[in-house]
Amino acid sequence: MLRNSRTERLVALVLVAPFLAIYLLAFVYPTVQMFRISFTDAPLIGTGRWVGLDNYLRLDNDPMFRRALWNTAYFVVMTVVPGTLIALLIALGVSRLKGRFQAIVLALFFLPYILPVSVVYLIWDWTLNFQFGIAMHVLDWLGIPRVPVFKSRVWFLPAVAGVTIWWTAGFSILLFLAGLRSIPMEIYEAAALDNSTRWTTFRRITWPLLWPITSLVFTIQLILQLKIFDQVYLFSIGGRPNDNMVLVYYVFQKAFQQNQGGRAAAVAVTLFVLVVVVSVLQFQLLRFAERRRR
Amino acid sequence: MNAMAAKRWNVWGGIITALTLVWAILWAFPLYWGVISSLKPDDEVIRPYIELWPETPTLENYIDALTTTQIGAWYVNSVAVAVGVTIITIFISMLCGYAISQLRFPGRIALWYLILASFMVPTSALIINHFVLVANLGLLNSWAGIMLPQLIHPVIIIVYKQFFDQVPKDFREAAVMDNASEFGILFKIYMPMNWGVTTALSIVCFIWTWNAFLWPFLSVTRTEMMTITVGITQVNDAFGVYYARQLSAAVLAGLPVALAYLFFQRRVTEAITLSAGIKG
């Protein structure tokens with residue numbers, strides 16, 4: 001028996017080793033290094049002097065950092081809540097359909113999610129193109145003046161938020177559909193017998209029973225959108241990235257364009273802490289809600 | 001339910017279904033529009049009115065994209081990286097998931113919590129140090145460099161562990177009695193039982209890697225080493241923009257993942273709901 005458990009340990013070690021090696025090298029080590037260089041004035045590649053909290057203190061009156069923080073928050077607000085609600089509406093609509101028809105309609109809503117961000121960018125850059133975009137023809141037809149969406153300071157983030165909702169809704173729709181499917185039919189049948197209206201049925205049955213999924217979708221979206229970079233970077237090509245600064249973009253700019261690894265790391269740590277705090281908070285809230293319901 | 005209420009219920013039902021349908025078509029319209037525009041000759045693309053079907057459909061934009069850009073090389077890079085990441089990730093995650101689920105060893109619980117916790121860490125915050133690491137290893141502008149930071153998907157381990165947990169303990173005990181080796185047990189008993197989840201996870205892992213932007217964008221500076229996802233956004237012409245050609249490049253970049261989804265629709269949905277922690 002003793003020999004057995006020893007072989008078991010040995011086998012376990014062999015099985016876990018490949019993952020653990022890559023995990024330590026490409027995950028733990030970079031994380032530790034990120035914290036370490038955030039206290040130095042290191043360039044992107046190379047070592048720097050220890051400067052203590054200097055990089056963090058500078059962030060406090062760095063207008064670009066403030067803008068990045070503010071824009072990220074603005075973007076999160078514009079994507080997370082509307083995105084979750086839109087996905088819920090679509091899922092409610094799709095869940096009524098049956099069989100093959102449902103699969104096709106779902107595919108229409110889901111396809112954008114499966115595409116690379118650069119394809120999404122090219123398609124929307126074309127659709128909203130100031131000169132030739134089909135959306136501008138529609139605006140002309142409605143008698144609304146054209147807007148150079150991605151060159152405009154006011155419209156840039158809302159437009160990118162809209163595109164992002166379009167791109168990522170498919171994922172949330174899937175989760176909502178899975179949630180809707182797990183609500184037993186009998187409850188709805190009972191509600192129908194009671195002559196309850198559609199709205200009452202939704203408010204009294206669907207919404208409360210779907211709540212765990214809603215909060216899950218909300219959290220996943222929140223964490224995803226805090227890390228916004230790709231779309232903002234792509235739609236800013238040829239535009240004014242500084243106006244549309246978001247946190248990850250600022251990390252990128254400081255590290256890769258201004259060669260200030262240490263200061264970029266301080267921004268990265270801020271983002272890191274923000275995401276971890278949000279995750280933990282959300283997890284606690286979920287547990288709290290769960291307990292209250294019992 | 002009285003007849004009036006039933007009727008009202010049905011009319012509303014019909015309206016909601018119709019709205020859903022219209023919405024779905026509008027939702028997918030930009031995709032259609034992108035594809036259609038890529039099939040139009042240059043002069044038709046920029047006509048100042050809406051033309052839902054090309055007057056003279058042409059593949060010249062595709063030929064143009066294939067011959068004047070390095071899209072061929074980008075394709076090779078994307079396929080190599082996506083296949084490489086998928087095979088390695090699935091393999092190491094499966095081994096690790098199996099060990100955590102079925103074997104008793106010191107540090108097992110600690111490892112499990114470490115994996116769960118890494119769920120929260122935003123990889124985009126690690127870009128600086130990923131870059132430093134890969135640069136120090138001399139792997140910038142290489143497939144291995146693009147792949148390395150993408151090999152960690154805690155979700156896949158978590159899903160595997162949950163699946164292995166469901167296999168009744170008797171299987172393992174019986175096999176151990178028969179003197180089967182631990183590796184034999186994993187590859188001959190546990191893996192075949194979970195082919196479904198392995199395929200599903202492989203497909204989404206391939207799609208995730210194919211679609212990755214930030215890291216491939218940072219780790220590659222040489223045009224011929226770019227993945228297609230990055231390549232199609234980085235190359236512009238000195239003489240204006242050829243919209244139709246750009247769109248045909250976009251179609252080429254999106255096609256493999258779109259097809260993967262359409263062929264394996266059920267598997268993809270299964271894997272995505274599983275990766276969010278819901279049983280589909």
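Within chain A, 69% of the contacts between residues at least 6 apart in sequence join residues at least 24 apart. Two residues are in contact if their C-beta atoms, placed from the backbone, lie within 7 Å. The model is predicted: local features need pLDDT of at least 70, side-chain atom pairs count only at pLDDT 80 or more, and totals for chains, interfaces and linings use all residues. Residues are numbered from 1 along each chain as its sequence is written, while chains are lettered from A and ligands numbered from 1 in the order in which they are written.

Chain A holds 12 helices and zero strands. Helices (H or I, at least four residues) and strands (E, at least two) are DSSP runs, numbered from the N terminus. The radius of gyration of chain A is 24 Å, whereas a compact globule of 294 residues would have a value near 19 Å. This radius is taken over C-alpha atoms, and the globule rule is 2.2 Å times the number of residues to the power 0.38. The C-alpha trace of chain A spans about 80 × 75 × 35 Å along its principal axes. Of the 294 residues in chain A, 41% are buried. A residue is buried if 20 or more other C-beta atoms lie within 10 Å of its own, exposed if 12 or fewer, and partly exposed in between; the C-beta atoms are placed from the backbone.

Chain B has 15 helices and zero strands. Its radius of gyration is 24 Å, well over the 19 Å that the globule rule gives for 280 residues, so chain B is more spread out than a compact globule. The C-alpha trace of chain B spans about 75 × 75 × 35 Å along its principal axes. Buried residues account for 43% of the 280 residues of chain B. Among the contacts of chain B with a separation of 6 or more, 76% link residues 24 or more positions apart.

The domain assignment divides chain B into domain 1 (3-58) and domain 2 (63-275). These bounds come from an automatic or database domain assignment. The C-alpha centres of the two domains lie 34 Å apart. Their contact takes seven residues from domain 1 of chain B and six residues from domain 2 of chain B. On the domain 1 side, H1 and helix H2 (42-45) of chain B each give two or more residues. H1(B) gives the most, with four residues. By class, this side has two nonpolar, three polar and two charged residues. Ala, Val, Leu, Ile, Met, Phe, Trp, Tyr, Cys and Pro count as nonpolar, Asp, Glu, Lys and Arg as charged, and the others, Gly among them, as polar.

The contact between the chains takes 78 residues from chain B and 74 residues from chain A. On the chain B side, helix H1 (residues 3-38) supplies the largest share, 17 residues. That side divides into 57 nonpolar, 19 polar and two charged residues.

The largest nonpolar core has 163 residues, and those touching the most other members are A:Phe109, A:Ile173, A:Val246, A:Tyr249, A:Val251, A:Ala268 and B:Ile128. Such a core is a set of buried Ala, Val, Leu, Ile, Met, Phe, Trp, Tyr and Cys residues joined through C-beta atoms within 7 Å. H7(A) gives the most to this core, with 15 residues. Domain 1 and domain 2 of chain B both contribute residues, so the core lies between them. B:Gly277 follows H15(B) and has a positive phi, near 90°.

In chain A, the axes of helix H3 (residues 63-95) and helix H11 (residues 247-257) come within 8 Å and cross at roughly 145°. Axes are lines fitted to C-alpha atoms, for helices over the stretch in contact, and angles run from 0 to 180 degrees between N-to-C directions. A:Met64, A:Phe65, A:Ala68, A:Leu69 and A:Thr72 of H3(A) meet A:Leu247, A:Tyr249 and A:Tyr250 of H11(A). This contact has seven nonpolar residues, one polar and no charged.

A:Pro241 sits in the loop between helix H10 (230-236) and H11 of chain A. A:Pro241 counts as partly exposed because it has 18 C-beta neighbours inside 10 Å. Beyond its neighbours within four places in sequence, A:Pro241 is in contact with A:Ser236 and A:Tyr249.
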